[in-house]
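Trainee: I am new to this kind of picture and would like to learn how to read it. Could we go through it together, one feature at a time?

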Amino acid sequence: MEIAKNLEEFQAKIDAEIKIEPKDWMPEEYRQHLIRQMSQHAHSEVIGMQPEGNWITRSPSLRARKILMAKVQDEGGHGLYLYCATETLGVSREQLIKWLHEGKAKYASVFNYPSPTWADMGAIGWLVDGAAIVNQVSLQRTSYGPYSRAMVRICKEESFHQRQGYEVMASLMEGTAEQKKMAQEAFERWWWPSLMMFGPHDGDSPRSSNAMKWKIKRETNDDLRQQFIDKTIPQAELIGLKVPDANYKLLENGSYETSDIDWDEFWNVIKGNGPCNTQRIKHHAAAHDNGQWVREAAIAYNEKKEQNLKSA
Amino acid sequence: MESNLYKFCLRLADTSFILSYRLGEYVSHGPFLEEDLSITNVGLDLIGQAESLFKYAAEIKGGGTTDDDIAYKREESEYLNFHLVEYPNEDFAFITVRQFFMDVYNYHLFTGLMNSSDPTIAAVAAKSIKEVNYHLKRSRKWMLRLGDGTEVSHNKIQYAVNELWKYTDELFDMDDVHKSLVEEGVAIDLKEVQEKWLKDVEDALTEATVAKPDHVKHSLVYGKNGGHTDFMGYILTELQYLTNRYPDATW
């Protein structure tokens, strides 16, 4: 009886666009869904530091170096907000990281692709951050208060990243023949993985229905993907990049029709067989393990200081 | 013939630049996320400092030279940074000690240079000192945490202090280039900086229960005179990769 009443009140709040806050009653399934989605989001930000961190030392100008380093730092900052927001659901960051290392938690599959050239720094900012924004703008209206507020902050920074990435691509396209080739190839590498970021077709998305009912998710995967495609193709054409899809065309309604994604590749990378899955987790786990003695020292030092205060 | 002022700018700029390179290399390898962000902040401040000084060096050099030309397109022997900042990120203890030694140094150096007779140097010092204040607070705190934390951290920080100590000689070396700039009021007496540096470092080491190493004279040609450790070649290989591979491109 009690649960049914709670559930009714919960849904009424959702329907009235009132945010759910950490101390409010929520169905266990809602809480679990959020822990999974938000921690996956946090891990994505943090793992996402790697493909771009890969080029910090090789950045070709002082300006490019500052921008890239600040950008990777921003991603880490987003990870931090999101871990904190996830912790409001009663799970510790330590636990979330443990699940990541054990393979029980996921992160965006797009970061399992390598970044072999400087142009990948442009393509990632423009396409990967660009796709993330479409998703995150929608998530600003998500029903869980802490998640929604984190998204508002994150969106402001992501739109900078997207413009900075596009600027890198645009300047490469105005450069030497080698730079143009580098930009085109990076575009081809990241186009399909960025479309995959929106997830499977709505019919194949196992958890969509409750997420929509509870307004964790506000728009469907396919709708969000289409928004991204419609926004990005004209940007590519403007700077002379060729969309790597022989069948794409502009429809009368101003939207673009594109070929279907290679879903075998999508599922294969999710299952852990992407080019960098192992490398990404190894890197993260090594940093975490190498930091163990540092974290222990900081705790021991604080305990000593507190002890001294008490005995003083 | 390059002017003394040009060389002085490069010594400062290259030291900040190469240290920021090392910190940039550490991004996503931090012991926890907050620390990763904080080290990156320090690295970003250092690039900013280097950039202002490279711009000034480019102005002195003239002939259309840009800050990027100077930052990216020199021979190894033309880089004039201290050996200390070339030292690799061996572990968090080395990163902390390297940073702490440089932060104490920069704190006293930039405090003095705020009164430089050269208005550009004075302005860069005034801007940098605010950042260095924060860098020093941070690295000093880590010296204490690691020194007076666990046995493991204590041993690691003591080892890093011992290993890096020999590289600190160079920070206070007063050659003719520097002496003549001191006479002009552009630079400051590094022996005075050394006294202050030693006092602050000794205070922190004592508080951190870390022993001060015996002095060992450094045996290489100083970085500030264009001599480098074996580490430098690898730094420049990465740093200059794109500008070497595509010399005609702009980025």
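**Reading chain B**

Mentor: Gladly! Let us begin with the secondary structure: chain B has 10 helices and 0 strands. Keep in mind as we go that this is a predicted model.

Trainee: In what order do the elements of chain B run from the N terminus on?

Mentor: Read from that end, the pattern is α-α-α-α-α-α-α-α-α-α. The radius of gyration of chain B is 18 Å, close to the 18 Å from the globule rule for 251 residues, so chain B is as compact as a globular protein of that length. Its C-alpha atoms fill a box of roughly 55 × 40 × 35 Å along the principal axes.

Trainee: What percentage of the 251 residues in chain B is buried?

Mentor: Buried residues make up 49% of them.

Trainee: Now a pair of helices, please. At roughly what angle do the axes of H1 and H2 of chain B cross?

Mentor: Helix H1 (residues 4–26) of chain B and helix H2 (residues 33–61) of chain B cross at roughly 150 degrees, and their axes come within 8 Å. An angle over 145 degrees counts as roughly antiparallel, so H1(B) is roughly antiparallel to H2(B).

Trainee: Is the crossing of H1(B) past H2(B) left-handed or right-handed?

Mentor: H1(B) passes H2(B) in a left-handed crossing. Sorted by class, the residues in the contact of H1(B) with H2(B) are 20 nonpolar, 6 polar and 1 charged.

Definitions and conventions
Residues numbered from 1 in each chain as written. Chains lettered and ligands numbered in written order. Predicted model: local features only at pLDDT ≥ 70, side-chain atom pairs only at ≥ 80, totals over all residues. Helix = DSSP H or I, 4+ residues; strand = E, 2+ residues; numbered from the N terminus. Rg over C-alpha atoms; globule rule 2.2 N^0.38 Å. Buried ≥ 20, exposed ≤ 12 C-beta atoms within 10 Å, placed from the backbone. Axes fitted to C-alpha atoms, helices over the stretch in contact; angles between N-to-C directions. Parallel < 35°, antiparallel > 145°, perpendicular 65-115°, else oblique. Left-handed = near helix turned anticlockwise from the far one by under 90°. Nonpolar A, V, L, I, M, F, W, Y, C, P; charged D, E, K, R; others polar.
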